[in-house]
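Take a look at it before reading on.

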Amino acid sequence: MLKIPATVDSLLEADLPKRPVHLAIGVFDGVHLGHQAVIEAAIQSAKRSDGISAVLTFDPHPSHLFRPNDPTRLLMPKSAKEGFLHKLGVDLVIFQTFDANFASIEAEDFPGYLQKCLPTLCAVYVGENFRFGKARRGDVDLLIQASRECGIDVISVQRIRENGEPISSTRIREELSSGKIERVNALLGHRYSSSGKIQAGRKLGRTIGFPTVNLPWQPELAPCYGVYCVKARLKGKDSANWHTGVANYGVRPTVERGDSVMPLLEVHLLDEVSWQPDDEITVIWEKFIRSEQKFAGIDDLKTQISKDRQFAQDFFT
Ligand SMILES: Cc1cc2nc3c(=O)[nH]c(=O)nc-3n(C[C@H](O)[C@H](O)[C@H](O)COP(=O)(O)O)c2cc1C
Ligand SMILES: Nc1ncnc2c1ncn2[C@@H]1O[C@H](COP(=O)(O)OP(=O)(O)OP(=O)(O)O)[C@@H](O)[C@H]1O
């Protein structure tokens with residue numbers, strides 16, 4: 001597998017093997033089921049032709065150029081997207097800086113531009129709703145026409161739908177913001193997850209009978225503050241073992257005061273582990289239980305957490 005994060009215009013220097021490149025193009029935020037259909041088509045064709053499967057994606061998100069004051073908040077950080085694409089079997093992930101220069105390429109010139117950067121490019125893979133080029137003027141018909149002149153095939157994949165509605169990152173962002181994590185996971189086709197280093201807490205959780213591992217995790221797009229059934233595991237050693245738990249993601253209004261509290265992901269594991277501050281963990285989110293609440297006091301919070309724990313125990317058995 002080639003692991004060369006590169007921009008399109010630096011590819012010529014990357015000394016790629018001279019094999020046919022099958023290139024999927026898009027932002028692919030979250031790498032949902034629709035994205036996977038496009039990417040899988042590129043991977044399978046590359047396998048059949050002893051070629052290279054590649055993804056051309058953009059960083060930052062194009063909205064940073066067009067709406068700098070209100071850019072799209074992403075479901076998946078860049079590093080997680082890159083890792084996930086390689087896990088799917090993509091050989092080469094190319095991050096193109098989406099700047100004014102790149103955005104000004106006329107749709108008709110785009111295939112020629114790609115071919116200049118990737119001389120062995122033989123096919124591009126997009127969804128049927130793909131738009132590209134200056135002012136998003138290009139559609140799939142134009143892509144086919146302009147690519148033919150360069151000898152590049154275009155494979156346009158039918159939109160994958162769920163309940164009659166196309167799956168999109170926008171739709172998944174809305175579900176995530178309202179806590180519908182099972183819907184998020186169903187549309188993604190994989191589990192929503194968070195990764196980071198454990199931070200020492202105030203150990204209050206231990207004194208109330210519910211020790212937690214705390215993750216100071218700051219996603220661009222925050223899930224709904226609330227309590228969720230989760231699984232967690234250490235990165236690296238012990239990585240085969242997922243541990244079940246119940247997590248609160250939020251600002252802990254019962255015990256914290258003020259508006260400047262940083263959100264935390266706090267995981268109470270159902271079985272004992274000996275994880276330490278600075279250990280790196282991954283948490284996958286499985287089910288929403290309830291929204292975060294401000295309780296009158298610690299006793300009410302304890303009673304509720306004990307019900308949450310039971311809920312998670314029942315969910316996982
Ligand atoms: C399952 C679970 C549910 C929680 N629900 C809430 C909640 O609804 N409201 C709240 O203020 N804090 C909630 N918390 C956060 C607790 O206030 C916090 O875990 C406790 O104060 C321990 O803090 P520490 O990690 O700093 O020691 C919850 C924690 C857990 C583990
Ligand atoms: N449901 C889908 N089925 C098949 N292809 C899709 C689907 N959604 C997007 N694609 C294709 O995947 C590539 C990446 O699209 P893009 O990142 O714009 O996805 P999106 O889900 O529509 O995002 P957003 O909702 O943020 O606009 C494009 O080629 C696009 O046409």
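What follows is a set of questions and answers.

Reader: What kind of model is this, and how are its parts numbered?

Author: Residues are numbered from 1 along each chain as its sequence is written, while chains are lettered from A and ligands numbered from 1 in the order in which they are written. This is a predicted model, where local features need pLDDT of at least 70, side-chain atom pairs count only at pLDDT 80 or more, and totals for chains, interfaces and linings use all residues.

Reader: Are α7 and α8 roughly parallel or roughly antiparallel?

Author: Helices here are DSSP runs of H or I with at least four residues, strands are runs of E with at least two, and both are numbered from the N terminus. The axes of α7 (residues 169-177) and α8 (residues 181-188) come within 8 Å and cross at roughly 155 degrees; axes are lines fitted to C-alpha atoms over the stretch in contact, with angles from 0 to 180 degrees between N-to-C directions. Angles over 145 degrees count as roughly antiparallel, so α7 is, relative to α8, roughly antiparallel.

Reader: How many residues of the contact of α7 with α8 are charged?

Author: Arg 171, Ile 172, Glu 175 and Leu 176 in α7 meet Arg 183, Val 184, Leu 187 and Leu 188 in α8 (contact: C-beta atoms, placed from the backbone, within 7 Å). Asp, Glu, Lys and Arg count as charged, Ala, Val, Leu, Ile, Met, Phe, Trp, Tyr, Cys and Pro as nonpolar, and the others, Gly among them, as polar. The contact has five nonpolar residues, no polar ones, and charged ones numbering three.

Reader: Which element supplies the largest share of the shell around ligand 2?

Author: There are 21 residues around ligand 2, and Gly 26, Val 27, Gly 34, Gly 127 and Thr 170 come nearest (near: C-beta atom, placed from the backbone, within 6 Å). α1 (33-48), β4 (121-127) and α7 each supply at least two residues of that shell. The largest share, four residues, comes from α1.

Reader: Where is the cis peptide bond?

Author: Pro 60 sits in the loop between β2 (52-58) and α2 (63-66). With omega near 0 degrees, the cis bond runs from Asp 59 to Pro 60.

Conventions. Angles under 35 degrees count as roughly parallel, over 145 as roughly antiparallel, 65 to 115 as roughly perpendicular and the rest as oblique. Two residues are in contact if their C-beta atoms, placed from the backbone, lie within 7 Å.
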